[in-house]
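Biologist: I would like to learn how to read a few features of a model. Could you take me through them one at a time?

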Amino acid sequence: MSAPTQTLDERTLLDRVQAPAGEGREILDAATREVFGRAPVHTVADLDAAVAAARAAQPGWAALGHERRSALLHRAADAVEAQAEPLARLLSREQGKPLNGPNARFELGACATWLRTAADTPLEPEVLVDDETGHAELVYRPVGVVGAIGPWNWPLMIGIWQIAPSLRMGNTVVVKPSEHTPLSVLAMVAVLNDVLPDGVLTAVSGEREVGAGLAAHPDVDKIMFTGSTATGRKIIESSAGNLARLTLELGGNDAGIVLPDADPQAIAQDLFWGAFINTGQTCAALKRLYVHDSIHDDVVAALAEIAEATPMGRGLDEDSVLGPLQNAQQYDIVRRLVDDAKARGGRVVTGGEPAPELGELFYRTTIVTDVTDGVPLVDSEQFGPALPVIRYTDVDDAVASANRLDAGLGASVWSSDRDEARRVAARLEAGTVWINQHGGLHPMVPFGGVKGSGYGLEFGVEGLKSVAVPQVISG
Ligand code: NAD
């Protein structure tokens with residue numbers, strides 16, 4: 001349980017977690033498509049053992065108390081910081097995201113920040129009644145064993161969002177990483193386990209059946225799930241069996257509305273990164289942009305200029321800030337949606353085609369305009385580097401368009417008049433509405449979706465409450 005203070009090299013870290021040669025499942029470098037590691041394939045029997053270990057470890061972990069658990073979470077953050085560079089390199093190879101820009105190194109920085117914030121956030125008992133009628137207070141107890149099921153786009157950061165508050169509140173955790181990005185998550189869990197007691201945190205790396213097994217497990221008390229809406233619905237069905245409490249962070253199709261008084265040049269960089277962070281593979285990225293007719297062409301031109309000047313390439317190249325799609329299925333979705341938009345009269349302002357000279361899964365940064373609601377590139381989650389820009393003339397229509405889909409993770413309003421932007425924001429159906437930015441997160445500000453984007457909150461005090469059970473002490 002003592003963390004190496006020296007930074008390990010990437011290969012040493014990988015060898016700690018990967019399956020022996022000839023075993024496991026091959027994992028490809030997302031940019032080069034070369035095999036770079038082998039993921040252990042755990043079975044449902046391994047899952048049962050992990051849940052049993054988590055159950056056995058939970059009372060002792062809870063009994064340590066907040067102060068000692070918080071101290072261990074700080075040490076865990078130190079350990080992640082010490083191994084941030086090899087973890088970022090592993091993540092870059094497996095996920096495809098560049099080291100630089102708001103990508104792999106940024107993701108490791110966020111892991112340490114969210115660990116420390118979960119450690120430091122107080123959650124005091126709430127006194128509900130304290131008068132001549134009596135005394136009642138609400139305290140927050142651990143739920144028990146938390147199953148943490150994650151996606152492949154921000155596998156480490158989202159893993160920490162699930163793990164850190166759960167551990168802080170005295171739960172033990174079984175992690176099921178995405179089958180697309182198991183090695184970086186296993187490596188991060190190994191680093192955390194250099195400081196955590198045995199059984200408190202276990203990762204089970206397997207296919208979708210292992211996720212389904214974890215969600216349905218009779219000895220799991222809470223599921224933290226981040227992934228697609230379709231899988232979220234299946235998890236809700238499983239919870240009818242085990243009554244597990246759920247936090248569901250599901251898909252998004254975030255709209256941005258640019259009001260006529262916005263300054264296209266002033267907002268263009270933030271609009272661009274709101275849409276293209278992690279090469280568009282981000283749940284709360286800007287996925288459809290509604291721009292007022294009077295400035296539409298200027299906004300489109302400014303976005304296209306940035307798109308053309310922003311380097312895309314292999315993640316390990318220090319110059320790259322955009323990368324490939326992580327997997328072939330996602331690449332096919334993006335290509336199909338853009339081709340379909342073109343066939344329906346959409347105008348490709350820049351991009352609009354694969355970038356084979358960069359590698360198999362690279363798709364050029366794409367801006368498509370002359371599209372309307374109803375075009376699949378607008379109506380479904382593209383989750384890649386292709387932004388549809390839709391022209392509007394009446395802000396009421398733009399608000400109706402933004403609200404018409406069954407998704408409600410984030411949204412944004414762009415304007416030089418903050419009061420007007422806030423009035424429009426209040427009309428949008430989304431868990432978060434940003435003004436003159438899109439996608440910025442803070443570890444103390446709750447984050448979660450509405451409608452098809454799921455329910456439950458992460459981060460801050462609300463995030464701690466969601467991995468606890470409230471208990472009333474009365475009398
Ligand atoms: P996915 O739903 O395909 O997979 C997510 C995880 O669920 C994987 O670990 C998978 O193995 C597991 N899984 C699959 N079937 C399961 C089942 N029946 N029961 C339990 N677990 C099961 O999602 P993905 O393709 O990895 O991620 C992309 C999606 O995630 C996008 O829609 C994106 O918007 C969403 N996402 C949301 C957020 C958010 O915070 N709201 C963040 C990131 C990604």
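Modeller: Gladly, and keep in mind that this is a predicted model. Let us begin with strand 18, which covers residues 468-474 and includes Val472.

Biologist: Thanks! Now to helix packing: at what angle do helix 1 and helix 7 cross?

Modeller: The general idea is that angles of 65 to 115 degrees count as roughly perpendicular. The axes of helix 1 and helix 7 (residues 182-193) cross at roughly 90 degrees and come within 9 Å, so these two helices are roughly perpendicular to each other.

Biologist: Which residues meet there?

Modeller: From helix 1 come Leu13, Leu14, Arg16 and Val17, and they meet Leu183, Leu186, Ala187, Ala190 and Val191 of helix 7. By class, this contact has eight nonpolar residues, one charged and no polar ones.

Biologist: How do helix 2 and helix 3 pack?

Modeller: Helix 2 (residues 44-63) and helix 3 (residues 65-82) have axes 7 Å apart, at an angle of about 105 degrees. They are therefore roughly perpendicular to each other as well. Trp61, Ala62 and Ala63 of helix 2 make the contact with Gly65, Arg69 and Leu72 of helix 3. The classes are four nonpolar, one polar and one charged.

Biologist: And what is the crossing angle of helix 8 and helix 9?

Modeller: Helix 8 (residues 208-216) and helix 9 (residues 229-242) cross at roughly 40 degrees, their axes coming within 8 Å. Arg208, Ala215 and Ala216 of helix 8 meet Thr231, Ile235, Ser238 and Asn242 of helix 9. In this contact, three residues are nonpolar, three are polar and one is charged.

Biologist: Lastly, how many salt bridges does the structure hold?

Modeller: To read one, look for a side-chain nitrogen of Lys or Arg within 4 Å of a carboxyl oxygen of Asp or Glu. The structure holds 34 of them. One pairs Arg89 with Glu10, with the closest N and O atoms 3.1 Å apart. This pair links distant parts of the chain, 79 residues apart: Arg89 is in helix 4 (residues 84-95) and Glu10 in helix 1 (residues 10-17).

Definitions and conventions: Residues are numbered from 1 along each chain as its sequence is written. This is a predicted model: local features need pLDDT of at least 70, side-chain atom pairs count only at pLDDT 80 or more; totals for chains, interfaces and linings use all residues. Side-chain values use heavy atoms; hydrogens and water are left out. Helices (H or I, at least four residues) and strands (E, at least two) are DSSP runs, numbered from the N terminus. Axes are lines fitted to C-alpha atoms, for helices over the stretch in contact, and angles run from 0 to 180 degrees between N-to-C directions. Contact means heavy atoms within 4.5 Å. Ala, Val, Leu, Ile, Met, Phe, Trp, Tyr, Cys and Pro count as nonpolar, Asp, Glu, Lys and Arg as charged, and the others, Gly among them, as polar. Angles under 35 degrees count as roughly parallel, over 145 as roughly antiparallel, 65 to 115 as roughly perpendicular and the rest as oblique.
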